Amino acid sequence: MSAATRQGETPLVEMRDICISFGGVRAVDHVSVDLYPGEVVGLLGHNGAGKSTLIKILSGAYHADSGEILINGEKAEIRSPRDARRYNIETIYQTLALADNLDAASNLFLGREIVTPMGFVDDDAMEAETRKILKRLNPNFQKFHAPVKALSGGQRQSVAIARAVYFNARILIMDEPTAALGVRETQMVGELIEQLKSEGIGIFLISHDIHDVMNLCDRVTVMKNGQLVGTERVGEVTEDDILGMIILGKKPTPQTSV
Amino acid sequence: MSLGKAFKQLGIDLRLVGMIGALFVIWIVFDIFTGGRFLTPRNLFNLSVQTASVAVMATGMVFVIVTRHIDLSVGSMLGFVGMIMGVTQLHVLPGVFGEGSAAIWILTVIVGILFGALIGGFQGWIIGYLNVPAFIVTLGGLLVWRGAAWWVTSGQTIAPLDATFKRLGGGAGGSLGATWSWGLGIAATLAAIALIFNARKRRAHHGFPVKPLWAEATVAGIVAAGILGFVALMNAYPVPESAAKRILQARGEPVPDGPIDMAQGVAIPVVILLVVAVVMTVVARRTRFGRYVFATGGNPDAAELSGINIRWLTLKIFALMGALTGIAAVISSARLGSVGNDLGTLDELRVIAAAVIGGTALSGGIGTIHGAVIGALIMQSLQSGMAMVGVDAPLQSIVVGVVLVLAVVIDIIYRRRFGL
């Protein structure tokens, strides 16, 4: 999709001039990014570049010192993960954020349990829904009654992804979704991203794997030392250009960039 | 079929089987050493009454420990709340409602539970909202509430307590009697069987795999035998002649000249404990609150990212612990018939030990209500058994201490082997 067709469209998410400091250290320094429906934007940068922090502001885990977030062009107040969920922002954390002692269904519905008319949690209904969605994402998944601690890395990842996808996410944040996965499971995540994209969901993808990014993303945003280096369309830059942005913090030369 | 596989099909927790097995071993050993005095209806009745107070608190301690906290203040809190209730029923309420009014014991119990919840909630607020470690807050509480208990009456013991109130402690007239005990037992059995088969029906309805029918029937059979066996045992303990006469007189019934055949039945504090245990199990397994308690214990960060308000949750957990301490204060003060300012001393350690022996992990996220109750029963069995055998007091402490550590060692080995 070219930049021209996006001109009149309202972005799904716009983060404007975001700043946040921890104990005097500017973790994110006047950074602006945006995301359109059906688009995958890669966030790149070294460890400590501020990409995870930026994304945690969007998911409600942190609150920005200054700057604003617009969802569908309207100013949004995201003060907690609960607020973020209200805007249909779902996050798959690098750590997966699973309660190891609970089973898949309890994790999938954590904070959003299905309850009976009496107000009790309806474990059977939740298990049924979990079986349904995991059948789609990971047909081999069998251990519905084991605590997720007893699952393999891929299975745990499936649970975390299922949780993000199940609740009709419109904006999906994936923090290193393939870091702990084997080849086949990585491919599965790639296919899932394509599918979600076609459904009009916007995705922020944080990754260290430049191949992943080149294959899956429409645009990349590069950060260094808390500052924005630049945002480029993947089709218009080379891998070397992106590496230059990450390592040297310099924008591609005008010949390759648009 | 191997034994392990059979247990798996039955869906019975191996750890639970181990705990009950350990309990039976302890009982049999004491029975041998006391020459058959331990496993008598009379002793088991007393054991059940003695266990009730600590077991009630242990169910709350499960939530506290599961969320990686601790509450060292429950013993002192019990003393303070007991004092407040003593003053309420002896010095405040009789002036309002008149001596012997039924309102006295009811309001006293309500005051006790509310006060406990208030104190616990206050401590929970400091822990949750001011981020002070629970160990420190409740260590402070241990000193503060013990001192406060002394202040209520300047150290004087409050006695005698209201006659009806005292029945809640399981003393004279403090048990259900034969008929009511059977009624309770049969109702509980039917409810348990209905629950087991309802759950099976729901799972089948969703198309989930279900246990074989023989397994469900076996579990139901074991549960029914356990409940009804317990009732039969309690009914086998007769009320002493003189007490029976007093009870009949109090009821205004004719007192026969010959021997009176009156059974104790299930003691009221034990009924209270069973109700608390059932409610707490439902809270743990079937409510959002309980789910959040376990999620927070398993991974606090994940719980927070799922939108769970951990501060408020912490406050509620400690308030619940306080309310249960209030109930325990009712039981233990009613059992003694008086409240001295040493009531509940060292109970915090018994309660924590009960929860831990019952399989609650201090690393968080793991623990069961029934485990804590059995843990309390094991602790009390050891203590009364050793007292009956005539073991020296210092040796008693040594044995209880060793058992506590041993239980945790076994639990850790078990968990490691099964990868839990």
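Helices, here runs of H or I in the DSSP assignment of at least four residues, and strands, runs of E of at least two, are numbered from the N terminus. The model under review is predicted.

1. A loop proline in chain A. Between A:Pro147 and A:Arg184, which are 37 residues apart along the chain, the C-alpha separation is 24 Å.

2. A:Asn168 is placed between helix 6 and strand 7 (171–175) of chain A, in the loop that links them. The phi of A:Asn168 is positive, about 50°, although the residue is not a glycine. Its relative accessible area is 62%, so A:Asn168 is classed as exposed.

3. Helix 9 of chain A. Which residues of this helix are buried? Helix 9 spans residues 239–248, and A:Asp241, A:Ile242, A:Gly244, A:Met245 and A:Ile246 are buried there. An α-helix has 3.6 residues a turn, so residues three or four places apart point the same way. The cover over the buried residues of helix 9 of chain A includes strand 3 (40–44) and helix 8 (210–216), together with strand 9 (219–224) and strand 10 (227–233), of chain A. After helix 9 of chain A comes A:Gly249, with a positive phi near 70°.

4. Extent of the interface between the chains. Contact between the two chains involves 29 residues of chain A and 25 residues of chain B. About 2300 Å² is buried between chain A and chain B, and carbon and sulfur atoms give 56% of this area. Three residues, A:Asn101, A:Val121 and A:Asp124, supply 23% of the area that chain A buries against chain B, more than any other three residues.

5. How many salt bridges are counted between chain A and chain B? The count is 6 salt bridges between chain A and chain B. In one salt bridge the side chain of B:Arg286 meets that of A:Asp123, at 2.8 Å from N to O. Between chain A and chain B there are also 14 residue pairs in polar contact, both residues being at pLDDT 80 or more. On the side of chain A that touches chain B, helix 3 (81–86) and helix 5 of chain A each supply at least two residues. The largest share of that side, 7 residues, comes from helix 5 of chain A. By class, the side of chain A that touches chain B comprises 15 nonpolar, 4 polar and 10 charged residues.

6. The domains of chain B. The domain assignment divides chain B into domain 1 (49–174 + 269–417) and domain 2 (176–266). Domain 1 of chain B contributes 4 residues to the contact, and domain 2 of chain B contributes 6 residues. The C-alpha centres of domain 1 and domain 2 of chain B are 26 Å apart. The two domains of chain B bury about 430 Å² between them, with 77% of that area from carbon and sulfur atoms. On the side of domain 1 of chain B that touches domain 2 of chain B, 3 residues are nonpolar, 1 is polar and none is charged. Between domain 1 and domain 2 of chain B, the count is 0 salt bridges, and there are 0 residue pairs in polar contact with both residues at pLDDT 80 or more.

7. The loop between helix 6 and helix 7 of chain B. B:Ser154 is found in the loop between these two helices. The phi of B:Ser154 is positive, about 55°, although the residue is not a glycine. B:Ser154 counts as partly exposed because its relative accessible area is 49%. B:Pro160 also lies between helix 6 (134–153) and helix 7 (163–167) of chain B. The peptide bond from B:Ala159 to B:Pro160 is cis, with omega near -10°.

8. An asparagine in a further loop of chain B. B:Asn341 is placed in the loop between helix 14 (310–336) and helix 15 (347–357) of chain B. What does B:Asn341 touch, leaving aside residues up to four places away in sequence? B:Asn341 touches B:Met83, B:Arg146, B:Ala149, B:Trp150 and B:Gly155. A polar atom of the side chain of B:Asn341 lies 3.1 Å from the backbone oxygen of B:Gly155.

Methods: Residues are numbered from 1 along each chain as its sequence is written. Chains are lettered from A and ligands numbered from 1 in the order in which they are written. Side-chain values use heavy atoms; hydrogens and water are left out. Buried means under 20% relative accessible area, exposed over 50%, partly exposed in between (1.4 Å probe, protein chains only). Contact means heavy atoms within 4.5 Å. Domain bounds come from an automatic or database domain assignment. Buried area is the accessible area (1.4 Å probe) that two parts lose on being put together, summed over both. A salt bridge is a side-chain nitrogen of Lys or Arg within 4 Å of a carboxyl oxygen of Asp or Glu. A polar contact is a pair of N or O atoms within 3.5 Å; within protein, one must be able to donate a hydrogen and the other to accept it, and residues adjacent in sequence count only if both atoms are side-chain atoms. Ala, Val, Leu, Ile, Met, Phe, Trp, Tyr, Cys and Pro count as nonpolar, Asp, Glu, Lys and Arg as charged, and the others, Gly among them, as polar.
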